[in-house]
Amino acid sequence: MASSLTPPGVPMELHVINREKLLKYIRQHLIQLSRPLHGFVLLQGGDEQNRYCTDHTELFRQESYFAYLFGVKEPGFYGAIDIATGRSFLFAPRLPAEYAVWLGEIKPSSHFQEMYKVSMVCYTDEIVSTLHHCFKGSGSPLLYLLHGLNTDSDRFSKPAEFEGIEEFETDLTILHPILTECRVTKSNMELALIQFANDISSEAHVEVMRKINAGMKEYQLESVFLHHTYMYGGCRHCSYTCICATGENSAVLHYGHAASPNDRTLNDGDMTLFDMGAEYHFYGSDITCSFPVNGKFTNDQSLIYNAVLRAHDTVIAAMKPGINWVDMHKLAEKTILESLKTGNILVGDVDEMMVERVGAVFMPHGLGHLLGIDTHDPGGYPKGIERPKEPGLKSLRTARNLQEGMVITVEPGCYFINALFVPAMEHAKTSKFFNSKVIARFKDFGGVRIESDLVVTADGCKNMTNVPREISEIEAVMAGESWPVKKTSPSLK
């Protein structure tokens, strides 16, 4: 299937706006601290990496904070912002003459200045002299460097390093929380890129639905997705490693890694769980579709799928600014438990199940996460917001209240994971809830996840993802119907 989409142009004003946003909030913070509005924000961009000891250079993707502020796609750059004047600087690597032979034209400074809409471009060996010359305060110039914890990875961002940094004063505490908070809410230009990433990824998911057949390998469906998003969307990067899980593999939450490389053969009647999202100009998407290989849901598949879909839709209907994300997770859990009780998989009081955290047996991951330049965008746990400790809830990547302009995934799931079920069915407080005879039917079922990307609006939210969700829609598309499904007008006879 060809595409109706065309990759949009990317206005570099997007990154000008991002720099202005940071400048506004860092100035406000310094005023509150009664500190002078002097110094420079300084970030180091990413460097190319070779594969171990070889001369094979891995495909470069820019460091995310640097991409947010400057939009630079090339490696080896530094960037600075003068807090006093608002002027922006890029420092490019001074390339050897051989570069022109092997890698192409060596661009002049004026090229980068015009392309990235900055005030000045110099070379990286001129950082010290340039910033000292531009500094109008007394004493040594102060550099605000990026250093702070990513609460998803538990790893720290790397502050800039360069020869001559000892000639500056440095601050490692102020920049990271402010810049991270800037990334939490998106501008209209950022939303447009995330929307395109969603549009092309949604198309690709539909293409996977159309191409799937028993006997194929999981990686062939991954290939269909990657081809469509690159061929028609210009998306050279994925937001994350594709999860193309079928059968019992769909209960492996982060399937698709090197030890499980999407290589199972699809069987007729398997459920699939395809979690794949393209990235366009750094901004990503994160979409999961679940459906049977043969395009026809069985009663058991319908039961689990509709339980998850009901949770997905119930959460979206409740989302608006001020709503707490932990409450949304609990709403999804309770909705799934109610459906499983209706299906006779569970018995007993649902509220009591919630107290005993039975929902975490079926959905051990969090309901969703912030999305932007990173799949798991930072800012989920700013100072003052504590991570919950209970099973399931402790996996939440944020416990914040929703804000207008946030982009967040809604991805409830229901999985049959033996490592969780066996202990729960043997535990004194939870064993009474499980109908063991019915659950035995689902031993090799795998799991279902339904994931969409939502932007929080002034009075609710908007779903940026456009794929078949209702069982009737999925079955129609897999049988060859168009998407969106054309609705027949009522007869006037």
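**Exercise 1.** Which residues line the largest cavity?

*Solution.* This is a predicted model, where local features need pLDDT of at least 70, side-chain atom pairs count only at pLDDT 80 or more, and totals for chains, interfaces and linings use all residues. Residues are numbered from 1 along each chain as its sequence is written, and side-chain values use heavy atoms, leaving out hydrogens and water.

Step 1: a cavity is a set of points on a 1 Å grid over the protein atoms alone where a 1.4 Å probe fits but cannot get out, and lining residues have an atom within 4 Å of a point.

Step 2: read off the lining, which consists of His-38, Gly-39, Phe-40, Asp-82, Ala-84, Thr-85, Cys-134, Phe-135, Lys-136 and Gly-137.

**Exercise 2.** Find the residues that touch the most other members of the largest nonpolar core.

*Solution.* Step 1: such a core joins buried (under 20% relative accessible area, 1.4 Å probe, protein chains only) Ala, Val, Leu, Ile, Met, Phe, Trp, Tyr and Cys residues through side-chain atoms within 4.5 Å.

Step 1: among its 74 residues, pick out Phe-291, Met-319, Ile-345, Phe-362 and Phe-434.

Step 2: look around Phe-362, whose contacts (heavy atoms within 4.5 Å) include Leu-337, Tyr-415 and Phe-421, not counting residues up to four places away in sequence.

Step 3: apart from this core lies another, of 47 residues, with Leu-43 and Cys-235 among them.

Technical notes: On a 1 Å grid over the protein atoms alone, a cavity is a set of points where a 1.4 Å probe fits but cannot get out, and a pocket is an open set with protein on both sides within 12 Å along at least five of seven lines; lining residues have an atom within 4 Å of a point. Buried means under 20% relative accessible area, exposed over 50%, partly exposed in between (1.4 Å probe, protein chains only).
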